[in-house]
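Please walk through this model with me.

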Number of protein chains: 2
Amino acid sequence: MEGNFVDYQHIGKSTKRIDVIPKVTGKAKFVGDIKIPGMLYGKILWSALGHAKIKRIETDPAKRLPGVKAVITWKDVPRHAYCPAGHPYPDDSPQDMYILDKTVRFLGDPVAAVAAESKEIAQKALGLIKVEYEELPLILSPEEALKENAPEIHEGTKNICGQHSYEFGNVLGGFKNADLIIEDEFRTPIVQHCPIENHASLAYLDNDARLIVHSATQIPFHLRRILSQVLGMPMGKIKVIKSYVGGGFGGKEDVCQEPINAVLALTTGNPVLLEFSREEEMVSTRTRHSMILELKSGVMKNGELVARELKVLSNTGAYAAHGHCVVYNIDAQFPVLYPTPNISFAGLSVYTNMPIASAMRSYGISQYNFAMESHMDNIAQRLGMDPLDLRLKNICKLGYRDPQAYFSVNSCGIEECLNKGKELSNWVVKRGQKSNGIKKRGLGMACLSYASSTYPYNAELSGARIKMNEDGSATLFIGSAEIGQGNDTIMAQIAAEELGIDVESIHVIAVDTDLCPIDMGAYASRQSSVCGMAVKKAGVKCRKAITGFVGSLFNRDPEDLLVKYGVIYDGLTGESLISVKDAAMKAHYTKGNSVTIDHEAYFSPGNNPLAFGAVFAEVEVDTGTGKVEVEKIWALHDSGKILNYQAAEGQVHGGVSMGFAYGTSEQLLIDKNTGRVLNGNLLDYKMPTILDVPPVDVTFVETIEPSSAYGNKALGEPPCISVAPAVRNAVLNAIGVAYNEIPLTPEKILLHLKRTVL
Amino acid sequence: MEGNFVDYQHIGKSTKRIDVIPKVTGKAKFVGDIKIPGMLYGKILWSALGHAKIKRIETDPAKRLPGVKAVITWKDVPRHAYCPAGHPYPDDSPQDMYILDKTVRFLGDPVAAVAAESKEIAQKALGLIKVEYEELPLILSPEEALKENAPEIHEGTKNICGQHSYEFGNVLGGFKNADLIIEDEFRTPIVQHCPIENHASLAYLDNDARLIVHSATQIPFHLRRILSQVLGMPMGKIKVIKSYVGGGFGGKEDVCQEPINAVLALTTGNPVLLEFSREEEMVSTRTRHSMILELKSGVMKNGELVARELKVLSNTGAYAAHGHCVVYNIDAQFPVLYPTPNISFAGLSVYTNMPIASAMRSYGISQYNFAMESHMDNIAQRLGMDPLDLRLKNICKLGYRDPQAYFSVNSCGIEECLNKGKELSNWVVKRGQKSNGIKKRGLGMACLSYASSTYPYNAELSGARIKMNEDGSATLFIGSAEIGQGNDTIMAQIAAEELGIDVESIHVIAVDTDLCPIDMGAYASRQSSVCGMAVKKAGVKCRKAITGFVGSLFNRDPEDLLVKYGVIYDGLTGESLISVKDAAMKAHYTKGNSVTIDHEAYFSPGNNPLAFGAVFAEVEVDTGTGKVEVEKIWALHDSGKILNYQAAEGQVHGGVSMGFAYGTSEQLLIDKNTGRVLNGNLLDYKMPTILDVPPVDVTFVETIEPSSAYGNKALGEPPCISVAPAVRNAVLNAIGVAYNEIPLTPEKILLHLKRTVL
């Protein structure tokens with residue numbers, strides 16, 4: 001284990017993004033920028049009803065439209081069931097989707113698809129397709145879905161997509177012994193990822209009749225696996241290329257359009273570009289699960305939690321996607337942050353005829369954390385206790401192991417996060433202040449735990465390959481996905497660190513499924529942890545290949561040799577022996593004893609390290625208009641050793657903005673009679689702009705996680721998690737109202753003020 | 001070591017070429033087929049004089065021509081000396097070339113280059129460039145070049161490009177004790193490779209400002225290294241992609257145009273396509289060295305060779321290129337085929353103002369073999385001995401080590417080749433027959449040794465990477481070059497053999513210098529040996545990864561598991577356990593214990609195995625017209641275990657055709673006053689067509705070479721070597737004339753017949 005003060009050449013430096021030049025010059029080609037001769041444009045006809053059987057489709061008039069090259073319906077596509085989430089085995093994941101099906105289950109279900117010479121022709125062709133439906137009963141809430149004799153959206157499921165429950169200790173006994181029992185119900189909204197780039201793919205056959213798919217995807221290898229499955233084609237005949245990706249946030253951790261596009265390309269023999277409009281993106285791709293969370297806690301007068309119970313009812317919409325796993329991720333985190341001897345969990349994910357909910361940044365923990373952290377403030381209020389003290393009393397400590405044995409807490413900065421936040425936010429002084437007048441100020445906080453890598457049921461795997469050139473520069477192959485977060489830069493830093501060369505000397509190739517080692521993809525804050533370790537291991541192998549060669553050249557023990565700043569030197573004497581450049585050339589060109597410096601390594605973690613964090617929020621509530629102004633956010637994160645400060649701060653700013661939006665403004669509104677999305681565009685869907693987001697003060701509490709490459713832990717998702725409850729708790733502090741539902745829109749604030757204050 | 005009768009799944013099968021579909025459908029894109037938006041066309045202005053200093057170049061009129069984007073001369077290019085042959089160190093290779101120089105040394109030297117919007121504009125622009133030369137004295141023969149006070153073509157060299165000599169035993173003593181001393185001088189012509197595709201490259205900058213060069217090259221990695229050196233750019237910023245190649249034969253084992261094209265692309269910022277015309281190909285690329293070979297042998301009456309001496313004077317033309325190494329390759333082979341206790345060698349490669357001679361199929365051994373095998377028949381004639389018996393008496397045996405310790409003969413089929421050829425050609429009967437009339441029939445033979453891998457001074461290295469997909473298909477990355485010979489198919493066969501899967505399940509990626517492990521390239525009949533071994537090693541690593549995983553899954557010792565025909569079974573019980581497909585999926589998706597099946601391996605041979613062969617030729621000489629009709633060729637090869645019979649037979653047919661042409665018709669004619677090539681086109685240069693080449697009977701004498709992957713040895717070059725001397729010896733048998741110079745054109749035959757018969 002390396003200490004905190006290791007003298008790294010690249011790790012922990014604010015290395016400039018390696019993709020900065022193509023991105024700022026506009027040369028970076030996103031999928032929609034690619035033009036290929038003979039390219040057609042794809043368009044999808046979406047269901048006109050929320051639940052129906054397709055009785056008849058008339059496609060001939062559309063096919064006859066000049067410029068139309070293909071019109072496909074369920075009759076024209078291979079019929080292999082699949083789950084777009086990342087699991088190959090039906091036992092793990094409900095395989096409830098088809099490329100196109102003859103039943104439609106929500107208004108974003110595809111009915112037909114067209115490939116034509118222009119977007120306009122394709123759009124016109126959609127209008128010429130006549131569909132005759134047989135309407136089926138609509139289910140538009142999880143409660144309805146669970147009613148006895150409710151119609152089944154997927155046969156034989158009783159509308160249950162996934163469920164999981166456990167009890168550790170004796171929860172009933174725990175409640176019996178508690179001084180106080182507090183019960184709360186929380187509700188969270190449907191929100192959408194809203195990446196700056198919509199879903200897009202380009203599919204074609206190459207000269208060897210292999211299917212090439214360029215996609216703005218977070219999961220190139222899962223996508224290839226699923227394409228292979230649904231098309232019935234060997235993987236070796238399919239190549240997925242992840243293009244530059246304009247943000248994903250979990251929405252591109254799913255397969256939303258590529259199978260349809262692949263069929264269009266296979267049918268026409270032409271390249272087909274399929275780009276979603278924003279309206280299609282908002283409705284037919286994926287959303288965050290709306291949930292109802294019931295929390296019940298038994299607590300002693302001193303604040304000690306003795307029993308906790310959580311019931312989650314999650315609305316996964318029309319298909320499973322990640323719906324089952326998202327609930328399981330909550331079950332994994334529930335025991336962790338506040339270890340409690342008696343604890344029980346029951347989670348249920350149910351189908352409705354609503355947009356498909358799936359993976360979204362924090363994978364269920366934003367919902368759970370809003371509930372639990374709001375609940376904690378409610379408990380503190382009932383106990384007459386400082387909510388920060390309540391947390392400090394109950395938070396988990398170094399060495400903790402959860403009852404499900406998913407996690408070992410081998411590094412833990414949560415207490416320091418809380419204490420530093422207390423100090424930075426001037427907690428003691430500000431919490432005691434009373435505001436006069438119509439504008440009320442308040443300070444609140446919330447905290448979190450989150451696991452690197454995916455939820456603990458899943459297989460985890462990243463490979464990396466480093467190929468050093470004869471002049472000491474190197475190519476790094478990774479399957480992990482740069483989606484705007486800076487992944488490729490971090491991986492280049494790690495490779496450069498281990499090889500002792502400049503980051504500029506590393507050329508990163510990612511992601512092409514033909515070329516790159518397999519990787520599970522960009523999700524679960526896993527890439528720096530899992531792929532980072534694979535890159536480190538590949539780097540160490542390459543470094544040992546060089547030092548082994550140089551050791552024999554200079555008759556030194558390779559173990560004594562160090563490589564740094566492009567030079568190999570004897571660590572015992574400090575003597576510099578040879579440059580990496582010259583060593584690499586000699587290594588490749590030594591008669592009868594040449595060596596390649598080209599190594600692959602992989603990492604499949606057994607342990608998923610826990611990251612921690614706390615958010616403090618200061619608000620001013622205008623009791624006249626109901627507007628909650630968030631004045632300041634202090635975000636404190638124990639994400640272990642920070643690999644690149646600039647990139648890390650960027651993650652925190654972005655995450656806070658997303659959490660702020662979740663707490664105060666965003667909500668996908670669904671018509672309760674038809675299931676139609678009412679605000680599926682960026683005018684009516686209230687996403688904050690740069691002018692709306694509060695100033696953010698970022699603090700990293702750097703612990704060193706022994707199980708990771710450099711002590712680093714999860715950072716991609718944690719920043720979005722605790723903002724909503726911190727704001728909600730600040731509002732509670734400001735106006736004394738305990739809101740149990742987000743977003744805290746002015747309307748909602750006023751409604752509650754009228755009910756509770758007036 | 002595996003025996004001859006190993007039950008292979010793929011090795012030794014006539015597996016269909018993996019590139020057959022794109023090649024027969026015309027979808028295979030050669031460099032000249034690639035079109036990129038904004039692409040310009042390059043053209044080179046060649047020197048108007050055979051030796052001159054450039055005093056002044058006026059390029060402004062050319063630059064002003066509309067559509068011209070760049071005109072470059074020696075003033076516009078980086079000035080880093082280089083040697084286009086495959087050696088990074090100046091000590092090994094004369095670094096005597098520049099991208100463009102202010103001295104021109106032969107009529108194929110580039111003076112300036114143009115990039116323009118069309119080929120026509122580029123051609124017109126060349127005419128607008130005015131060059132003022134200061135003429136320098138011309139040297140047009142090696143003898144002139146060696147004269148005292150001869151002007152130096154390269155300063156300080158005394159016109160010597162390379163030299164090497166040795167003596168083992170006591171040659172003078174050997175001659176003293178010999179019953180008979182025979183001396184001969186042989187002369188060989190300049191010939192050109194004449195690949196079906198001329199040299200071509202396409203150079204451009206990608207979105208990351210990296211230089212991408214598509215080239216019809218045999219040596220992608222050497223090309224990248226040399227581009228890096230001459231442009232002063234790091235290798236990591238350069239990517240060479242070998243396109244489909246329409247034949248190379250050694251002519252594309254050199255760097256003839258890419259540095260100029262790279263400068264055009266860097267200067268204009270546009271993609272530039274530079275294609276040579278056939279006329280440019282014949283003059284400015286490369287040729288086979290013309291040589292003067294003096295042989296002196298001391299022999300006992302019983303035919304035993306007791307002393308041998310060889311002096312080689314090789315004309316390398318205006319630049320070194322491979323000129324030094326080609327002579328060294330002769331020094332390596334000279335002692336081998338007929339081990340002689342007293343032996344001496346002196347080789348000299350000299351500069352002249354003639355086209356650059358460099359690598360060509362057999363790398364000097366065609367020249368040497370013509371001389372030595374003709375000399376052997378001359379000796380036999382003098383001894384009154386059957387020339388086949390003379391060879392059988394002297395040929396090397398299993399276990400032989402040459403005095404330079406380059407080779408160990410661990411497999412040796414030469415005796416069997418000779419005996420089988422004797423039988424097949426009906427030697428005893430036909431050699432005794434006398435022809436009456438004007439047409440005289442004759443039967444002759446010659447034999448050879450040849451080393452796999454390059455000449456023994458050089459570094460040798462191939463890497464290979466195999467990445468198995470989750471469905472058990474795999475990608476094979478190799479740096480060895482498919483140039484029409486079937487390399488990629490052979491490598492896919494090897495990978496499939498080791499993985500126990502179908503060849504169709506292997507996707508080969510070759511060659512992109514970013515992606516593929518380093519490889520020295522397509523030359524020296526090395527790829528099946530060196531890269532083949534690397535592929536085998538990578539395959540074994542991958543197979544062990546699978547059997548290791550499956551062993552733990554089924555609780556078996558991985559050592560007992562066998563993989564064949566897509567199934568993994570227990571070798572002890574014969575029980576089939578799991579398909580490779582299912583095993584691969586499980587290996588990648590096993591919680592906490594996933595593995596990648598992705599391995600790189602390399603091979604740097606210490607030993608260069610020797611291949612052997614014999615050629616028998618039956619001719620009919622028309623003493624009226626001088627025409628030599630070759631009626632039949634029997635080619636017998638000990639190239640070890642044959643990996644793919646169909647591909648191997650193709651190599652022999654192609655090689656025989658080339659050797660036949662060398663012996664009977666091809667010769668690049670140079671004007672003795674100016675150095676101008678007189679027949680630099682395919683009308684005047686007499687290359688045989690399919691209607692001219694004789695029928696070939698191919699026999700493989702399969703020995704098993706222990707140092708190679710499957711017992712295989714060199715096959716690419718040997719077939720072209722002994723055809724010319726076999727034909728020459730058949731002519732000797734037919735008409736009794738001992739020709740010591742090729743090609744045996746009708747004119748030459750008639751000339752000799754007049755001198756010696758009439």
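The paragraphs below take the sheet, then the pairing of the copies, then their interface.

This is a predicted model: local features need pLDDT of at least 70, side-chain atom pairs count only at pLDDT 80 or more, and totals for chains, interfaces and linings use all residues. Residues are numbered from 1 along each chain as its sequence is written, chains are lettered from A and ligands numbered from 1 in the order written, and side-chain values use heavy atoms, without hydrogens and water.

In chain A, five strands make an open, mixed sheet, ordered S7-S17-S16-S15-S8. Strands are DSSP runs of E, at least two residues, and helices are runs of H or I, at least four, numbered from the N terminus. Two strands pair if DSSP finds at least two bridges between them. S7 (160–168) and S8 (180–188) of chain A are the edges, each pairing on one side only. Inside chain A, S15 (290–299) runs antiparallel to S16 (305–317) over 10 bridges. Ser290(A) has Asn315(A) of S16(A) as its bridge partner.

Now the two chains. The contact (heavy atoms within 4.5 Å) takes 60 residues from chain A and 60 residues from chain B. Of the interface residues of chain A, 100% are also interface residues in chain B, so the copies meet through the same surface.

Two salt bridges cross the interface of chain A and chain B; each needs a side-chain nitrogen of Lys or Arg within 4 Å of a carboxyl oxygen of Asp or Glu. Arg224(B) forms a salt bridge with Glu470(A), with the closest N and O atoms 2.8 Å apart. H6(A) gives the most to the side of chain A that touches chain B: five residues.
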